Amino acid sequence: MAVEMFYDDDADLSVIQGRKVAVIGYGSQGHAHSLSLRDSGVDVRIGLPEGSKSRPKVAEQGLEVGTPAEVAAWADVIMILAPDTVQRRLYAEEIAPNLTAGKALFFGHGLNIRYGLIEPPADVDVCMVAPKGPGHLVRRQFVDGKGVPALIAVEQDATGNAQALALSYAKGIGGTRAGVIKTTFKEETETDLFGEQAVLCGGASALVQTGFEVLTEAGYAPEVAYFECLHELKLIVDLMYEGGIARMRYSVSDTAEYGDYTRGPRVINPAVKEEMRKILAEIQNGDFARELIAEDDNGRPNFTKFREEGAAHPIEETGKKLRAMMSWVDRPITETA
Ligand SMILES: NC(=O)C1=CN([C@@H]2O[C@H](COP(=O)(O)OP(=O)(O)OC[C@H]3O[C@@H](n4cnc5c(N)ncnc54)[C@H](OP(=O)(O)O)[C@@H]3O)[C@@H](O)[C@H]2O)C=CC1
Ligand SMILES: CC[C@](O)(C(C)=O)C(=O)O
Ligand SMILES: [Mg+2]
Ligand SMILES: [Mg+2]
């Protein structure tokens, strides 16, 4: 079935401009949504706990901040952009008591609705606006006059206006400049988790680290291995982003293209594809979500260990040194643009 796509002309910014929007959380997505909505003429307030480390950054931007309960009580539209593992408690304690009939509850990712961790009342709209990109680039592209594609979904349409509201919000953060697809919470959640685990984050990180390890363990210089397996990956992916895999293959040498066809399928072989199918099944049957929530409830012992091990991988030390010599690469991540 053909997807429904929306661009700038299909969305009416005045819908979201006529609402009071609370953005809960000021991290990767939270800062991007709130600053871009503000720049699009929307009345925005940020919800953060009293002791949040992000409160000074919000103040620097001249945005109003309150506790999540305070801004949820003030708002017509409440966008939850706190970590997925925090959302069910945050919803129960601070948002649900202020979620009166006719308001809209928004998400940037569908996990808590898809797995039944949050069950909103029937008299509110429940929508999703999920950018298909990291928040810092959502903001950077908006500022540059571009946009990151987004998915929208409507789980509940209590007011009859939920889709127009979600589209209008997506326009306010630049999504309709690139294209917005209408989907469901189920499809967004399952494809997003699969993409980040198997391809974008898990697959790509493991591919880069393993390539770096194979070269350095064979005695090649870590600097050479870094440029080959990490730095150049961005340049190769830039060509795929601009013109598909075909454009990348057009630009690389025939030697590289032949190696691509003959060696690529040996790396990503049928066993890897089978493992990807298992990963997808764990997402579909809820095993991954249960594991994530249990890990968080137990104080994240494995998560912390994995994060420390990742930061200590030799590729990070090599990369830090090399990037410091390339001012155009070593760009700080900020919560401004
Ligand atoms: N990261 C991304 O690019 C993408 C994320 N998403 C989705 O967006 C949502 C947010 O993720 P992300 O932007 O990565 O989150 P981050 O971890 O970057 O930021 C979380 C923010 O929530 C705040 N926070 C933590 N606990 C609470 C609480 N109890 N009440 C209010 N605020 C709280 C944090 O405060 P403090 O600043 O004090 O730490 C921080 O500002 C998730 O649903 C995620 O799946 C979707 C698409 C892409
Ligand atoms: C790829 C990771 C992501 O899904 C994203 C930036 O889109 C996330 O959850 O951060
Ligand atoms: Mg994603
Ligand atoms: Mg995700």
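Colleague: Before we start, what counts as near a molecule or strand?
Modeller: A residue is near if its C-beta atom, placed from the backbone, lies within 6 Å of the molecule or strand.

Colleague: And what sort of model is this?
Modeller: This is a predicted model: local features need pLDDT of at least 70, side-chain atom pairs count only at pLDDT 80 or more, and totals for chains, interfaces and linings use all residues. Residues are numbered from 1 along each chain as its sequence is written, and chains are lettered from A and ligands numbered from 1 in the order in which they are written.

Colleague: Which residues come nearest to ligand 1?
Modeller: Gly 25, Gly 27, Ser 52, Ser 54 and His 109, out of 26 around ligand 1.

Colleague: Which element gives the most to that shell?
Modeller: Helix H2 does, with 3 residues. Helices (H or I, at least four residues) and strands (E, at least two) are DSSP runs, numbered from the N terminus.

Colleague: New topic. How do H10 and H11 pack?
Modeller: Helix H10 (residues 185–200) and helix H11 (residues 202–217) pack at about 10 degrees, axes 3 Å apart. Axes are lines fitted to C-alpha atoms, for helices over the stretch in contact, and angles run from 0 to 180 degrees between N-to-C directions. So H10 is roughly parallel to H11 (angles under 35 degrees).

Colleague: Which residues make that contact?
Modeller: H10 uses Glu 196, Gln 197, Ala 198, Val 199 and Leu 200. H11 brings Gly 202, Gly 203 and Ala 204. Contact means C-beta atoms, placed from the backbone, within 7 Å.

Colleague: What does Phe 106 touch?
Modeller: Val 77, Ile 78, Met 79, Ile 80, Cys 127, Met 128, Val 129 and Tyr 169, not counting residues up to four places away in sequence.

Technical notes: Contact = placed C-beta atoms within 7 Å. Parallel < 35°, antiparallel > 145°, perpendicular 65-115°, else oblique.
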